[in-house]
Amino acid sequence: MTASCALLSMPLARAAETAPAVVATVNKGDVAWMLTATLLVVMMSIPGLALFYGGMARAKNMLSVLMQVFVVFALVSVLWLLFGYSLAFSGGNAVLGDFGKLFLAGIDAASLSDTFSAQSKLPELVFVAFQCSFAAISCGIIVGAFAERMRFAAVLAFIVLWFTFSYLPIAHMVWSGNGYLFGKGALDFAGGTVVHINAGIAGLVGAKLVGRRIGLGREALMPHSLTLTMVGAALLWVGWFGFNAGSALEANGVAALAFVNTLAAASAATLSWIATEAVLGRKPSMLGAASGAIAGLVVITPAAGTVAPMGALVLGLLAGPVCFWGVTTLKRWLGIDDAFDAFGVHGVGGILGALLTGVFSAPALGGSGAAGYAMLPQLWVQLEGVLITLGWSGLVSFLAYKLVDRLIGLRVGEEEERIGLDISSHGESAYVR
């Protein structure tokens, strides 16, 4: 260091020593927004996801789908409070947290949690609830893959295993400060890997192991109420504003950016999906419009807080045809009965979004990446996150399904399936006959 530089640095050093430390505070506006965002994500599961899936089921299985989504939400919420939050966000190593906050030990109304700003904090219980809603809907998404033919007890047993050994490690690796992918700089603003790819591949494995529904390919297994599917999709779309914008953890400009990007991507994907149908000589369908909206919401999830609105529009426009291919051509190639396209929309859309986040987060394309942002290295990190999630969730899912099959049996009997799971599994019917 030259003498002049040393002289210049002396007053700066003294100023740093005497400058007041940043005092972190809890902003009531942030708290109100995050509680609202949490409520919106809860609405995504019950009733949003339940109605979206339920409308696509046959009438004789409507109640079973509602029951599975509803009870899975309750089950995961209990597991989250008992040990899930601790293993996802408390200490640990690069792969999994520890039991430091088992049973929410040490967390009370005065406990604070970090946000993305040094000066802002949240009550930790708000963060606990917000992340709980993410875990619950992630598990609910899987239900759509094996709907209409899996034992209710088997569904719940599988969810316990998958939540513990797949969701929690991936959430820790991506979102915890000492997580492996977090440390590598992977970008996943609201859950492209943690939620959509993670759940999507679990659904794919389940659809393969549980097997195809009776009559598939020989008779039309049509949705019984596209009206309810549209209502469910609309509730999901509204709730997704909490999902994405809430992931800013503050009521600020990043939340506003994520809000607009969510609107842009879903709208663009709705249009591109029905345009794909038209180009292929099909009539534009309500199911297609609803599926397109969900595809757009999935693809923008990892990028919502780091891409510009025009980037979000491009992501949405790509999501429509890519996810359409996922629920038609790819599903046929794989030979699976992914009943409500959990993998075709969430898995495929999640992969597309996770990878393109590395592209459209670049400042040159309007993104909020740091100065000197290097697209190719970031793409490699994004790909690593995708591959780890696919491999980890795929292996855990396979082992969990096999264990449940051995202990309980995955699939209902043929007669029970023909009668419908509403009556055979629950002794009730969604509709009075």
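Author: Start with Glu-384, which counts as buried at 15% relative accessibility. The model is predicted: local features need pLDDT of at least 70, side-chain atom pairs count only at pLDDT 80 or more, and totals for chains, interfaces and linings use all residues. Residues are numbered from 1 along each chain as its sequence is written, and side-chain values use heavy atoms, with hydrogens and water left out.

Reader: Why is Glu-384 called buried?

Author: Buried means under 20% relative accessible area, exposed means over 50%, and partly exposed lies in between (1.4 Å probe, protein chains only). Glu-384 has 15%, so the label is buried. Glu-384 lies in helix α13, residues 375–407. Helices are DSSP runs of H or I with at least four residues, strands are E runs of at least two, and both are numbered from the N terminus.

Reader: What does Glu-384 touch?

Author: Tyr-180 and Lys-184, not counting residues up to four places away in sequence. Contact here means heavy atoms within 4.5 Å.

Reader: What makes Ile-141 buried?

Author: Its relative accessibility is 3%, therefore Ile-141 counts as buried. Ile-141 sits in helix α4, residues 124–142. Beyond four places in sequence, its contacts include Leu-49, Tyr-53, Val-195 and His-346. From Ile-141 to Val-298 is 157 residues in sequence, but 12 Å in space, C-alpha to C-alpha.

Reader: How do you know that Phe-130 is buried?

Author: Its relative accessible area is 1%, so Phe-130 is buried. Phe-130 also belongs to helix α4. Among the residues Phe-130 touches, leaving out those up to four places away, are Met-34, Val-41, Phe-243 and Leu-249. Val-41 is 89 residues away along the chain, with the C-alpha atoms separated by 7.9 Å.

Reader: And Ser-133, buried or exposed?

Author: Buried, because the relative accessible area of Ser-133 is 1%. Helix α4 holds Ser-133 too. Outside four places in sequence, Ser-133 contacts Thr-38, Val-41 and Val-42.

Reader: What makes the largest nonpolar core, and which residues have the most contacts inside it?

Author: A nonpolar core is a set of buried Ala, Val, Leu, Ile, Met, Phe, Trp, Tyr and Cys residues joined through side-chain atoms within 4.5 Å. The largest has 117 residues, and Tyr-53, Trp-80, Phe-158, Phe-163 and Tyr-167 have the most contacts inside it. Helix α5, residues 152–175, gives the most to this core, with 14 residues. Phe-158 touches residues including Ile-142, Met-150, Ala-202 and Tyr-401, not counting those up to four places away.

Reader: Why is Val-231 called partly exposed?

Author: Val-231 has 33% relative accessibility, so the label is partly exposed. Helix α8 is the place of Val-231.

Reader: Which residues make the nonpolar surface patch?

Author: Leu-226, Met-230, Val-231 and Met-286, over about 300 Å². Patch residues have over 30% relative accessible area and no salt bridge; like charges are joined within 9 Å, and nonpolar side chains (Val, Leu, Ile, Met, Phe, Trp, Tyr) within 5 Å. A salt bridge is a side-chain nitrogen of Lys or Arg within 4 Å of a carboxyl oxygen of Asp or Glu. Helix α8, residues 226–245, supplies the largest share of the patch, 3 residues.

Key
Accessible areas come from the Shrake-Rupley method with a 1.4 Å probe; for residues, only the protein chains shown count as cover.
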